[in-house]
Amino acid sequence: GKNEYDLLVIGGGSGGLACAKEAAQFGRKVAVLDYVDPSPQGTTWGLGGTCVNVGCIPKKLMHQAALLGSALKDAPHYGWNIAHPVHHSWSVMAQAVQNYVKSLNWGHRVQLQDKKVKYLNMKGSFCDPHTVRGLTKAGKETIVTADNIVIATGGRPKYPTHIAGALQCGITSDDLFWLKESPGKTLTPFVFNVSLECAGFLTGIGLDTAVMMRSIPLRGFDQASMEHLTQMASLVTEHMESYGTKFLKRCFPTKVEKLESNRLQVTWKNADLGTEETDSFDTVMWAVGRAPDSKTLNLETVGVKTNSETGKIIVDASEATSVPHIYAIGDITEGRPELTPTAIAAGKLLAQRLCGHSSELMDYDSVPTTVFTPLEYGCVGLSEEAAVQRHGADNVEVFHAYYKPLEFTVAERDATQCYMKMVCLREREQRILGLHFIGPNAGEVIQGFALGIKCGATYPQLMKTVGIHPTCAEEVTKLHITKRSGLDATVTGC
Amino acid sequence: EAAKYEKKVMVLDFVKPTPQGSSWGLGGTCVNVGCIPKKLMHQAALLGQALQDARKFGWQFTEEVKHNWMTMTESVQNYIGSLNWGYRVALRDNKVTYENAYGEFVGPHTIKATNKRGVEKLYTAERFLIATGERPRYLGIPGDKEYCISSDDLFSLPYCPGKTLVVGASYVALECAGFLAGLGLDVTVMVRSILLRGFDQDMANKIGEYMKEHGVNFIREFVPIKVEQLEEGTPGRLKVTAKSTKGDQIIEGEYNTVLLAIGRDPCTRKIGLDKVGVNINEKTGKIPVSDEEQTNVPYIYAIGDILQDKLELTPVAIQAGRLLVRRLYAGATTKCDYVNVPTTVFTPLEYGACGYSEETAMEKFGEENIEVYHSHFWPLEWTVPSRDNNKCYAKIICNIQDNERVIGFHVLGPNAGEVTQGFAAAIKCGMTKEQLDNTVGIHPVCAEV
């Protein structure tokens, strides 16, 4: 018989919604299934996916709250008389953030309605390649059939279940943003950009925060180049240390116990000293990576192939899975960056292709990103190590500079870690392979340069671009000291 | 730069005090009375806004927050002092001779330097570079020099300016009015005709609207004709009489400070250019130069704000100066690229631009050959404190006939300078709309729009 829908999207997050709405624009009959399994702590949320509810959006808002804390410290230098110390109320902030997120949930529902996309708050699983079973919270079942199906269920934080007490006593980023009360003294093992960002803003709002790391930080941020990140990552973490976040390096937790006071006792091994240490915290937030939300989809029944190690769905350049008419986008796919804008772009292009309006494939090259730690880190293109690996050290030139944002001067803020570097090919036109920037508003700085790199920007072209004065970004157009020269890369002057 | 090539170099720098008596050290306009103090005071105003936002993000502190002008000005002046010092050290380290003296040509290859105490010395050189910049213009009405101040005075004013009238609609006028209002002062801007002449008018009007909605008063189509002092003091009280440009209407107003920001005039009239035959535009005072910054006298060059038909920006002057020296002494041939130079106006809502304005694009290419893509956006950081949700705006102007190449970029929003810089580099690379569409955004930032 004929399928009920042209397109069924499983997962109402960044990728799923973008794909659904785009297909609906072309007049297709589209349905979206979205369902949130509550976290072990019981947290749940509305339509919109990770980004909107427990990712980018609340993260950036809380990061902003922390930045405003710094602004409050700067303000007296600029003449504002505020009585210090000031206090921060978690509940005021959390409620404001949560209200905004809820308005986005609502906005998405309205948009789907306006575009005549059917929204089903149900958990989906495959019956056959064109049939999906939807289950509501109450257990009611609905069968949905579609010509094409897009899986965009994303991922959820992992728990280190091998650590005693991890599941019962700890929370994850899924819970942090929805806490009604302050997390208090917090420990965040281990280190992925999520834990650094969270530890960063928690420190910024005045909480006693510690990050526990086994090896090198930001490991999950760029899978392709672990070693390189040592330079940028260590600058970021160095800054956080001077900012007030404690780092327990080369340590890993062995158990977590709940105390009578409801606080948590964490025991860990210090690999350097070979000792066992312990301390009590109000909250332990695990950041050990995310796992694809694919187990309950029943992928084996229909034959959709996944990567046996990661559990992620294997797709080709057109987002197709191993089963015809079944596609996948976003965090659930293997080998793709776990970012909202790429999911959205991929989702839109996929919809355009499915509706016969385009044959364009998603370009995953040179995708810019930013880590919103207290001192932000934005980058696009290749890391130094990846560039050297690909082209050879002799063919790569790295220009770099330590700079001081003008606004830090009067505020007497430490700019030791404000740094940028540009990785270029040495030969001929000196094409730019990668750009890395640590400093305030890193995202805003990098975005435009990402465009330039997409256009094949070369070092001479960048040097011909006049700087805007006074900004931090202008320093990019003035990069001229190479790492090779060994000269002091500190920018002086105006 | 020249010293790097082992040339024997001397720099003459001298600041004639303003009518109010302000003066400053080595470094020029940008460092002392331009970009640097301007951005710092703009930052002070932004912090004022941040304090208000902070409450919505959970920060709790005293209800009443006041600003202290002297604390801010002292911090800013201290920083400038460190820059003045830094420049002197840099010149010394590079073995450049520095004289704090007023230079004027007295004959071929000869310049007379007069210091503060009136002692004169003569110097000769193979080549000369004129980079004397500009100073603020006065209205030429009764009371202007006696009672009004300019941007030359504002950044070191030893007392809070209080209720201020800013005369002019240049970016200087709007930036100053903007931060003064942000610090809590009662500010009025008197505009003769349009805002930000030469800039995209669509954007200029949005800037004005935003400022109006955020407490800056505007008096449009009036010019002051007289300034009188009602009471002496720091600040005192001044009475300003103004006449309509459209009729005979006269209005009066009382202010503590009147800040003139109606334009700047090049410092070229009293440096003896006639003695060596350097042509200047008699009307504007600006010096016409070739595309290699050479005047009509082969051994005399000029760069910066005094050049005719060139942009009055620090980075342009720096770039031009460096490239000139490399051409003269290092055999380089690269000329300064004055096309697609990005700028930013640091008004309360910042405006970054690169390339053509909508008007000039339509004029040059024809309305049917350009496509304008635009969008309002709401910075994520403005959501929680419920700040304006329809004021930030971005537009790009594309040339349809040239593969939809991006020929103009305009953005109105926080950190506009940081956002615009990278796009300027991309425009330099000939970015097209398609390439822009194919570039993934960073989320969540304003620039992804």
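I searched the whole structure, a predicted model, for cavities and found two of 30 Å³ or more.

**Largest cavity.** I noted about 50 Å³ of space in the largest cavity. I then listed its lining, which runs through Gly330(A), Asp331(A), Thr333(A), Arg336(A), Pro337(A), Glu338(A), Leu339(A), Thr342(A), Ala343(A), Ala346(A) and Tyr364(A). Sorted by class, this lining gave me five nonpolar, three polar and three charged residues.

**Second largest cavity.** I have its volume down as about 30 Å³. Around the second largest cavity I found Met422(A), Ile432(A), Leu435(A), Phe449(A), Gly452(A), Ile453(A), Ala457(A) and Leu462(A). I checked which elements give two or more residues to this lining: they are β23 (432-438) and α13 (442-454) of chain A. The largest share, three residues, comes from α13(A). By class I counted seven nonpolar residues and one polar residue in the lining of the second largest cavity, with no charged residues.

**Asp13(B).** I moved to chain B and located Asp13(B) in the loop between β1 (10-12) and α1 (28-33). Is Asp13(B) buried or exposed? I found Asp13(B) buried, yet without a salt bridge. The nearest side chain of opposite charge belongs to Arg88(B), 9.0 Å away; a salt bridge would need a side-chain nitrogen of Lys or Arg within 4 Å of a carboxyl oxygen. Leaving out residues up to four places away in sequence, I recorded that Asp13(B) touches Gly25(B), Leu26(B) and Gly27(B), and also Tyr98(B), Glu99(B), Asn100(B) and Ala101(B).

Note on methods. Residues are numbered from 1 along each chain as its sequence is written. Chains are lettered from A and ligands numbered from 1 in the order in which they are written. This is a predicted model: local features need pLDDT of at least 70, side-chain atom pairs count only at pLDDT 80 or more; totals for chains, interfaces and linings use all residues. Side-chain values use heavy atoms; hydrogens and water are left out. On a 1 Å grid over the protein atoms alone, a cavity is a set of points where a 1.4 Å probe fits but cannot get out, and a pocket is an open set with protein on both sides within 12 Å along at least five of seven lines; lining residues have an atom within 4 Å of a point. Grid points are joined across faces, edges and corners, and a volume is the space filled by probe spheres set on the points. Ala, Val, Leu, Ile, Met, Phe, Trp, Tyr, Cys and Pro count as nonpolar, Asp, Glu, Lys and Arg as charged, and the others, Gly among them, as polar. Helices (H or I, at least four residues) and strands (E, at least two) are DSSP runs, numbered from the N terminus. Buried means under 20% relative accessible area, exposed over 50%, partly exposed in between (1.4 Å probe, protein chains only). Lys and Arg count as positive and Asp and Glu as negative; His and the chain ends are not counted. Contact means heavy atoms within 4.5 Å.
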